[in-house]
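I opened this notebook page to look up the disulfides.

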Amino acid sequence: MRRRVTPVPARAGAAAAALVLAAAGALLGAAAGTAQAAEVSYATHCVPPAGVADPIDGTTKVAITAPATAKVGDTVDITWKFVQAASKNPDIIDLPANSVQPSGTLKAAGAQTADIAMQGPRENPAIPKGGDMVLSDMTGTLKLTSPGEVTLTPDAYTVNAFSTDTVCTPKETVPKAATIEVTGSGSSESASPSDSASASASASASPSDSASASASASASASDGTGSGQTDFTGKEVEVPYACKTPIGDKSATSPVQINAKKNGGSFDLTVQFKKSVMDSPADIPADSVKPSMEVVLGGADKGTVHVEGPTNSSAIKSGDPIEIPDLTGTYKPGASGTSTLSPGVLTIKALGTTTTCTPTKTEVSLTLDTTQQASGASGSTTSGSSGSGGGSSSSGGLAETGDSSNGALKALGLVAGTAILLGGAVFTFMPRKRTR
């Protein structure tokens with residue numbers, strides 16, 4: 001049987017087509033109105049870590065992407081894209097891929113005010129000495145609380161590489177980069193910016209990797225009785241160190257995390273250094289680097305717990321990354337109650353020399369509920385083979401070997417730098433060069 005096809009009048013077909021086109025145009029218009037991207041540039045003053053390079057003045061160019069319109073109560077996503085960073089990579093060291101992390105602050109003003117924390121992932125191509133800094137896009141969120149016009153303006157930002165921070169601040173009034181038209185009823189609720197990335201975006205960070213960064217503040221643990229919990233994870237904390245080296249005094253910052261595993265009435269400790277890789281400035285033979293630390297007890301308990309790691313198992317060639325192993329030891333509680341564990345004095349023995357790094361500020365990494373044990377730690381230093389559960393003694397580590405070790409030390413001093421082995425990171429302090 002044949003089907004009869006009713007022809008559509010030409011005018012009706014044209015009208016239908018017009019309706020389709022109009023609908024498509026409306027959809028396109030709605031999509032275009034949901035987001036906006038605006039680029040601004042501003043003079044910027046950047047301060048690298050002390051002793052690495054002189055301060056740098058340059059121009060920052062960024063593009064801010066945010067919704068053009070939104071309603072009160074909405075939480076909006078915002079992106080900060082670096083079109084151009086204010087400074088280049090100094091002529092000191094090549095930066096490997098995925099070693100640089102940006103964080104910063106975006107200012108909201110107008111209908112509501114807020115400092116919006118922004119952070120990007122540690123993602124970048126390899127950047128050679130003197131090369132343009134390539135920074136990942138930063139993201140953040142803002143909860144809208146009042147109707148009206150909310151403007152977004154870039155502010156200071158931090159570039160973290162190898163646990164060191166370069167802080168860049170505006171030298172002039174920065175023009176607004178984006179505007180959100182907020183509709184709806186007003187609210188007495190205060191502006192509530194939240195960071196879509198990790199929290200130690202310190203214009204410190206922290207950078208931590210790290211970066212990174214605020215895991216649970218304390219692995220609040222019980223002593224295991226009744227709870228059944230045996231593994232306790234500490235918080236990663238940024239520890240600033242003042243280091244005395246064979247060649248001079250230096251300062252550096254490294255992220256540290258203390259974890260514990262219950263073992264009877266005691267705890268097996270593991271201390272980890274998170275952002276701990278940097279290229280070696282010279283050839284280092286096997287079994288030449290020996291790290292150790294005194295973990296500081298607080299709260300109910302007192303004293304320290306000795307932890308240490310093995311020496312490097314294989315030779316490290318100049319230019320290869322240096323990694324430090326986990327530091328381990330045993331904590332035998334000397335008191336019942338809530339006890340805290342914080343990173344303490346770090347000692348690095350390398351090629352017959354000793355570098356001692358003392359924290360200039362301490363922060364608790366791990367909190368445990370403890371039960372007093374016989375010959376426990378309270379009021380004493382639980383180090384070495386003292387019988388107080390502080391782990392095995394390093395017995396001084398590598399011995400001082402006289403002239404031969406001095407020769408090795410000179411080798412480490414090549415490439416016009418002083419190498420400081422700091423808990424899994426080799427911080428290289430180079431003589432200052434002319435500002436680029």
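Predicted model: local features only at pLDDT ≥ 70, side-chain atom pairs only at ≥ 80, totals over all residues.

**Disulfide notes**

How many disulfides does a search of the whole structure find? I get two.

Entry on C46 and C168. I find these cysteines joined in a disulfide, with 2.2 Å between their sulfur atoms. I looked up the angle about the S-S bond and got 115 degrees, a right-handed link. I then placed both ends: C46 is in strand 1 (residues 36–47) and C168 is in strand 9 (residues 164–170).

Entry on C243 and C357. I find a disulfide here as well, with an S to S distance of 2.2 Å. Where do C243 and C357 lie? I place C243 in strand 13 (residues 237–244) and C357 in strand 23 (residues 353–359). The pair therefore ties together parts that are 114 residues apart in sequence. I read a torsion of about 115 degrees about the S-S bond of C243 and C357, so I log this disulfide as right-handed.

Is C243 buried or exposed? Its relative accessibility is 2%, so I count C243 as buried. For C357 I get a relative accessible area of 0%, and C357 is buried.

Last entry, on pairing order. Counting bonded cysteines along the chain, I write the pattern as 1-2, 3-4.

Key: Residues numbered from 1 in each chain as written. Heavy atoms only, no water. Disulfide = S-S within 2.5 Å. Helix = DSSP H or I, 4+ residues; strand = E, 2+ residues; numbered from the N terminus. Buried < 20%, exposed > 50% of the residue type's maximum accessible area, 1.4 Å probe, protein only.
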